[in-house]
Amino acid sequence: MNQERTSIGPWLFWSLSTITCFGFGYINANIYNAETMGANGYLAVPLAALCSIPGLIAIYLLMKRFPNHNIIQQSIVILGGFLGRLVSIIYLLFLLVFFIVYSTDVAILIHNYLLESTPFYIICAADLLIAAYLGSRGIETVSRIASFVILPLATVVFLLFILILPEVRVDRLLPIFNFQFNFEGVGGTSILNIFYPMGLWAFITPYCKNIQQKIPRMTMLAFSVLISFFLLDNIGTIGIYGHTYISQLPYPSIETFRTVEISYIFIEQAGLFGVIVLLASTIISSGFSLYAISLGMSQVLGLWDYKRFVWILTPLIFITNIHLAHPGFIKSLSHLFAKHGWMVIWGYPILLSILAFIFKKKGKTTHGS
Amino acid sequence: MVHKLWLFLALIFCLSGCWDQEEVSKRALVLAMGLDQAAEGKIKVSLQIPIVEELLIVPSGAAVSAKPFALVSAEGSSAFATVPGLNAKTQTSLFFGQIQTVFINTELARKGLTGPTDFLRRHPTVPPQAFLLLTERPAHEMLEVRLISKRIPSYSTVTFFHSNNKKDQVFPQRIWEFNRNIRSQTQDAFIPLIEYDTKEETFIIKGLGVFDGDRLAGILSGEETRMVGLLTGKTRNAYLSIPTERFGRITFRKVTAAPRTKIEHNGHQLLFRFHVNAQGFLVESTRGITRFTPEDLEWIQTKTALYLNREIKKAVQRLQALNSDILALGEKYRAHYPRKWDPANWKLLYSEAKIEVSVKFTVTRSGTML
Amino acid sequence: MSIRSKKPTELNIIQSLIHEAGNPADLRIMPFGRDLSAYLIYLNSLIPFEKYHDLIDRLPQEWLGRNQPDPPLTHETLQTNLSITEAVEKMLAGHLLMIIPGASRIASLDVQGWLRREPKEPQTERLIRGPREGFVETLEDNIGMIRRWIQDPKLKIIETVLGRRTKTRVVLMYLADIAQPRLVTEVTRRLKAIKIDGILESGYIEQLISDRRASIFPLTQATERSDKAASAILEGRVVILVDKSPSSIIVPTTINEMYQTPEDYYFNFWIGSFLRLIRLLGNNLAVVLPGLYIALAAYHPELLPTQLALSIAGTASRVPLPLIAEVLLLEIMVEVFREAGLRLPGAVGQTLGVVAGIVLGLSAVQAGFISPATLAVVSITAIASFTGPNYSVDIAWRLLKFIMLFAAAVLGLYGIILSGLAILIHAADLNSFGVSYLAPWAPLQWRALKDGPFRMPFWARLYRPETWRPQDTLRSGGTKGEDDD
């Protein structure tokens with residue numbers, strides 16, 4: 001049959017990585033960067049990219065060792081059945097809580113800016129249903145959607161940046177290289193959070209078998225686009241508001257985009273309209289996360305498949321979202337994850353790859369599992 | 001089974017209440033807002049709401065009502081606390097998403113605007129690009145004036161600010177900029193001062209209100225505002241008129257400037273160096289002189305540069321006297337001297353700083369005459 | 001009963017034939033030949049015999065003699081030694097039966113004498129520039145039309161018969177050295193798997209071989225234009241022609257193909273690209289505009305320019321219906337008019353449709369039932385929905401417009417985003433014979449994208465689109481234009 005095998009091409013891989021990081025990052029990234037590095041907050045972006053590279057290399061090395069296994073299956077092989085499963089469950093629960101916090105944050109954003117009177121649970125339900133629908137269709141559909149949406153989204157985003165440039169004041173961005181790292185409060189390692197979603201790639205490594213050689217190149221391409229985007233985003237936000245004012249804003253990027261005004265165009269508040277378009281990337285990131293977590297769960301528990309797990313997890317996430325819907329609480333949780341999440345997202349693959357090297361574990365080259 | 005579940009979920013959404021739905025015709029669109037100081041420390045909020053049926057263009061050209069908008073006011077202990085009172089006076093619910101301008105009375109501005117303007121940055125539908133205007137008259141009076149040009153006062157101010165050729169004495173300050181500036185330690189806010197001419201039934205831009213923190217510190221005159229515009233580079237089309245003995249009164253139009261500002265710290269005092277490269281089109285010589293020689297032009301340019309030098313210095317000194325840093329010199333100081341930057345003593349340094357101005361003026365064109 | 005074993009007489013054979021065929025009223029038996037010893041049997045409704053006198057006179061007389069050997073040529077069109085059942089089948093399919101004297105043979109000759117329509121330009125696929133030739137109901141004529149486009153010996157034509165009672169002939173056409181062999185195998189497999197009573201139109205086959213039958217999007221492409229079918233074959237796709245149906249099926253297909261017309265290629269690439277972009281814009285407008293209008297006017301008036309907000313508010317304030325009811329009512333009325341207009345006779349129908357629209361719309365506005373803004377929005381939507389060249393996908397989008405409308409009515413702009421994404425997810429999930437439905441957008445195929453939203457000039461399109469995975473990717477050696485030196 002002339003059917004596509006479940007594998008993703010290089011462009012699909014790139015668009016998936018880019019859009020997932022983008023969707024997760026644009027909401028909160030500015031706060032962390034400004035808090036940690038003040039007026040030089042934009043420099044946190046390439047720094048975060050650099051710090052993410054070891055984790056990605058670890059995932060890549062694991063992929064080469066275990067071409068047919070994803071991170072969950074790899075941990076079962078490396079750590080043994082019981083320990084591997086236990087640690088995997090903890091890893092997945094961490095990702096699940098991270099996703100819950102993030103999805104609640106987005107729902108609060110929509111509740112604040114767009115739909116004030118609509119009950120919060122309706123917004124959560126709508127959001128989660130579409131994300132679950134996407135996640136349940138599998139990696140091919142998720143990557144195709146990402147590929148379809150990435151170019152128009154990137155155009156809208158870069159257009160918005162061009163429009164906010166006139167309001168940017170260079171003095172607010174100076175002095176460059178005046179590093180005053182702030183490790184208290186929200187600051188410190190929270191700057192790494194932009195590239196956490198790249199770690200989700202560890203779940204789809206078996207589908208990247210055919211493009212192993214191209215992955216480093218595609219990852220670098222994703223990095224360059226993301227770095228340029230977040231750099232512009234930070235420059236825009238800090239250049240417009242100054243690094244001290246940003247900490248008072250719950251969604252600095254949104255507020256930055258809202259300053260965009262194009263006189264006499266059909267849509268007023270063009271910035272807000274652009275933000276609404278960006279919400280599409282948020283749903284795609286959510287869909288991909290749900291898919292990854294459900295896939296992991298099904299592999300750990302050895303039950304059913306990811307499609308069923310998506311529909312099992314969705315109501316659980318929904319109920320948790322409703323109960324966590326306090327803006328201050330959600331923000332503090334997301335700060336916590338941003339600051340310490342790297343230990344799990346990057347630490348886990350690094351640990352696994354070291355253990356795989358020590359115990360000389362390797363996967364089968366033929367498709368076995 | 002799965003399909004039935006989808007249908008069930010779809011039906012739930014269809015049966016939902018469309019909570020946020022409120023048609024634009026069923027909302028009271030607030031086009032302008034006025035903030036005044038009322039008695040006993042209260043704040044009076046006035047809203048200008050158009051009567052939409054009166055605004056429809058009638059094809060037959062029938063006479064339209066002279067006053068197609070309504071004004072509602074209420075007093076309260078804070079700005080947004082008046083909203084229940086205002087809602088009680090309107091048939092439909094108030095909608096702030098189309099606010100064009102907010103008029104603020106100078107008396108209220110002198111007391112501090114952190115409180116009265118806080119809701120403007122918190123309310124998600126208030127457009128951050130709405131303009132702020134100061135008025136010495138009560139703001140609610142400004143909302144009900146008649147204009148010969150436009151039927152809705154607030155809307156006419158918007159067209160005013162959108163016109164490029166009007167950026168001479170007035171520089172718009174939008175809500176988001178204002179809210180950032182009054183809370184910033186490195187920059188102060190300003191709001192254009194607007195007045196109403198009862199005889200000619202039109203608005204007049206009178207000057208620029210400058211703030212120290214969140215309090216109105218003083219009003220710059222038109223000429224001072226023009227100089228500030230040249231210093232900040234915001235001017236798009238300034239007019240300049242200079243008396244000369246040789247050529248009568250020389251007037252320039254489309255005066256723009258490319259300023260460069262430097263701050264130097266010599267240990268205990270700051271020095272502000274302003275270098276302004278200005279240019280303009282020569283449009284009038286009251287003696288009707290034409291055929292300007294290069295020496296003539298050089299002379300005119302030098303004279304104008306001297307004039308500008310003097311006026312710019314006066315304007316900056318005025319700002320220092322009012323302790324208002326609308327030129328964002330604090331930001332520059334922080335950027336170039338990050339280790340010496342201390343928000344606590346910035347204003348002191350600012351008010352005692354020395355000023356050096358150097359201006360270079362170029363006559364770019366002399367119109368359709370030589 | 002084998003004729004050879006018992007050697008019955010010609011009259012016995014005729015009687016058996018009549019009995020097997022059920023003695024139909026249009027059966028004719030005519031003696032012919034030099035001594036009138038041979039018989040012709042045929043159905044008068046399928047073969048107007050007057051046309052075929054010459055043909056019969058020219059048959060080699062040796063055949064007609066007794067105890068003659070079989071004619072040297074046996075082909076689909078001329079078959080000998082048929083059994084009674086086979087002969088009846090052939091007769092019902094429109095063949096001329098000949099009973100050869102003495103040898104008691106039944107031969108059949110395929111004369112294809114039934115009524116044929118002249119090829120005309122299809123109503124729904126009109127072009128300003130291009131051939132005015134469309135498929136007809138006769139399979140051979142359609143094959144002939146494609147043969148005139150593609151004169152390549154590698155053009156394969158494979159016939160199969162579907163439908164137990166209708167015995168409809170279905171033909172696959174493809175280029176053997178371009179089309180992917182797996183694709184051909186899969187199409188053949190799916191066709192063979194069809195078990196049905198009757199095939200009345202190619203639409204039956206379309207639905208039966210579709211990858212996903214419950215999807216609203218058409219997963220096969222139908223066209224009545226021969227140039228379009230020929231172009232598809234040249235790209236490496238498979239064309240399915242169905243007897244008695246003027247609509248051919250092209251597989252596989254993507255949504256990108258639904259927005260292409262042959263006209264894009266007949267004009268220069270600037271015009272072609274412009275037309276394609278207009279189609280995409282028109283289609284998007286037709287789907288999103290009503291929902292966007294509701295979302296902006298009812299949920300987010302802060303996004304409307306003030307003048308527009310005031311004008312909509314002014315006109316809507318006089319209307320008794322809520323905005324959503326207005327829009328829904330008008331959209332449904334437009335669909336009713338559209339459907340009614342199809343049934344109205346010819347020129348009258350077109351005029352009536354326009355008049356009805358204008359008069360009713362204006363009257364409704366003046367009576368205060370609807371606001372002019374809503375009428376304008378719905379009219380633009382209705383007109384814009386005609387920009388797409390493919391009828392099936394246009395109908396699909398018309399239905400999806402209602403989903404976006406409801407979503408906007410419930411959740412405003414966010415509802416539009418969600419419903420748009422849901423539709424995209426569904427489309428991204430679709431495959432048409434193994435090809436992603438959203439190709440070349442998803443997965444992004446740069447080379448094929450040159451033929452996507454715009455049409456690159458021929459000198460930039462040296463390769464066939466990789467979407468169909470053709471075996472031979474190079475179209476030609478490339479043609480240098482005058483700009484190249």
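Reply: Start with one term. A residue is buried if its relative accessible area is under 20%, and exposed if over 50%. Also, keep in mind that this is a predicted model.

Me: Okay. Is Cys124(A) buried or exposed?

Reply: Buried. Cys124(A) has a relative accessible area of 1%, and the cut-off for buried is under 20%.

Me: What about Cys208(A), where is the nearest cysteine sulfur?

Reply: That sulfur belongs to Cys21(A), and it is 14 Å away. A disulfide needs the two sulfur atoms within 2.5 Å, so Cys208(A) is in none. Cys208(A) is also buried, at 0% relative accessible area.

Me: Switching topic. Which residues have the most contacts inside the largest nonpolar core?

Reply: Trp201(A), Ile204(A) and Phe217(C). That core has 197 residues. Helix H16 of chain C, residues 391-428, gives the most to it, with 22 residues.

Me: Now H16(C). What does it span between its end C-alpha atoms?

Reply: Only 21 Å. A straight helix of 38 residues would span 56 Å.

Me: Where does H16(C) bend?

Reply: At Leu411(C), by about 140°.

Me: Is that helix mostly covered or mostly open?

Reply: Mostly covered. In H16(C), 32 of the 38 residues are buried.

Me: What's at the start of H16(C)?

Reply: A side-chain oxygen of Asn390(C) comes to within 3.0 Å of the backbone nitrogen of Ser392(C).

Me: Zoom out. How many helices and strands are in chain C?

Reply: Chain C has 17 helices and twelve strands. It has 485 residues, and 54% of them count as buried. Take the contacts in chain C between residues at least 6 apart in sequence: 66% of these join residues at least 24 apart.

Me: Last one. Where is Gln260(C)?

Reply: In a loop of chain C, between strand S10 (248-251) and helix H10 (263-266). Gln260(C) has 5% relative accessibility, so it counts as buried.

Me: What does its side chain join?

Reply: The side chain of Tyr265(C), through a polar contact of 3.4 Å with Gln260(C).

Technical notes
Residues numbered from 1 in each chain as written. Chains lettered and ligands numbered in written order. Predicted model: local features only at pLDDT ≥ 70, side-chain atom pairs only at ≥ 80, totals over all residues. Heavy atoms only, no water. Core = buried A, V, L, I, M, F, W, Y, C linked by side-chain atoms within 4.5 Å. Buried < 20%, exposed > 50% of the residue type's maximum accessible area, 1.4 Å probe, protein only. Helix = DSSP H or I, 4+ residues; strand = E, 2+ residues; numbered from the N terminus. Expected span 1.5 Å × (residues − 1). Bend = angle between axes of the 7 residues up to and from the residue. Polar contact = N/O pair within 3.5 Å; in protein donor to acceptor, adjacent residues only side chain to side chain. Contact = heavy atoms within 4.5 Å.
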